[in-house]
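User: I'd like to learn how to read the features of a protein model. Could you walk me through one?

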Amino acid sequence: IALRLIQRFVTSNPTPEYVKVVATAFRTGKYETFGSGEYGDLAATMSAVLLEPDALSEVLDADPFHGFIREPLLKTIAFMRSMEVELVPKKKALELTYPFKRRIGQMAHSFDSVFSFFLPEFVPTGKPGAASLRSPEAMLVDMPKITGLINGLYSTIKYGVSACNDGFGETSSKPCKE
C-alpha cells in the first residue's frame, strides 16, 4: 500500500527508506503529530506520504528521474481547466469522443483492465529503463499518442472543443473557424 500511494502522489521511484516510513505510519497509525494510533489510519499514512522529506526536497526536484509524468487524461483535463473551457449551451457535461482514447491512450472510466490504465511496475525503455527505474504512466506514452495529444490541445486553443484539426470534441457539420 505504501509504495502504491507514494507512486500515485509523489514519485514513481521512492527510496526504500521512504516506503518504510509510510508503511510504518500505516501500521502504527501515527506519523509525527498525525493519526489516531490505530492500524491503517489514513491521516497518518497520507501525512507520511506528503510530508516526508523525500516528498518535499528541493534537491530531489532537480533530479530528472524524480517525480512522475502526468498521464495524458489528467494533462488534458488540467489544460482545459487552465484555459477555462466552458460547456456548450444545453449540454450537461463536456463530451469527449471515442477517438479521444485512440488519440491519447486514455478515456475516463474506460480502463483496458480492472487494474487501471497502466501497471505500477512498468519499466520504460531508454535511460530510465537502463537504470531500472519505474514509470507506470509511461506505459501510455508513444509517439502517435504524443502527437494526438499535442494536436488535440492545439485544436482546443485554436477552435475550442471541437473535432476541427483532430480536436477532442464531437464531429460537427459546421466548418472550422478560428
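Analyst: Happy to. In helix α1 (residues 2-9), the buried residues are Ala 2, Leu 5, Ile 6 and Gln 7. Buried means under 20% relative accessible area, exposed over 50%, and partly exposed in between (1.4 Å probe, protein chains only). Helices (H or I, at least four residues) and strands (E, at least two) are DSSP runs numbered from the N terminus. This is a predicted model, in which local features need pLDDT of at least 70 and side-chain atom pairs count only at pLDDT 80 or more, while totals for chains, interfaces and linings use all residues. Residues are numbered from 1 along each chain as its sequence is written, and side-chain values use heavy atoms, leaving out hydrogens and water.

User: What do the buried residues of α1 pack against?

Analyst: An α-helix has 3.6 residues a turn, so residues three or four places apart point the same way. Here the buried residues of α1 pack against α2 (16-28) and α3 (42-51), where contact means heavy atoms within 4.5 Å.

User: Which residues make up the largest nonpolar core?

Analyst: In soluble globular proteins, nonpolar side chains tend to be buried together. A nonpolar core is a set of buried Ala, Val, Leu, Ile, Met, Phe, Trp, Tyr and Cys residues joined through side-chain atoms within 4.5 Å. The largest one has 11 residues: Ala 2, Leu 5, Ile 6, Val 10, Tyr 18, Val 22, Ala 25, Tyr 31, Ala 44, Ala 48 and Val 49. At least two residues of this core come from each of α1, α2 and α3. A second, separate core of 9 residues includes Met 80, Phe 100, Leu 149 and Phe 168.

User: Is Thr 11 buried or exposed?

Analyst: Thr 11, in the loop between α1 and α2, counts as buried because its relative accessible area is 1%. Not counting residues up to four places away in sequence, Thr 11 touches Ile 6, Tyr 18, His 66, Gly 67 and Phe 68. A polar atom of the Thr 11 side chain lies 3.0 Å from the backbone nitrogen of Gly 67.

User: And Leu 42: buried or exposed?

Analyst: Leu 42 sits in helix α3 and counts as exposed because its relative accessibility is 55%. Its C-alpha atom is separated by 7.6 Å from that of Gly 29, 13 residues apart along the chain.

Conventions: Polar contact = N/O pair within 3.5 Å; in protein donor to acceptor, adjacent residues only side chain to side chain.
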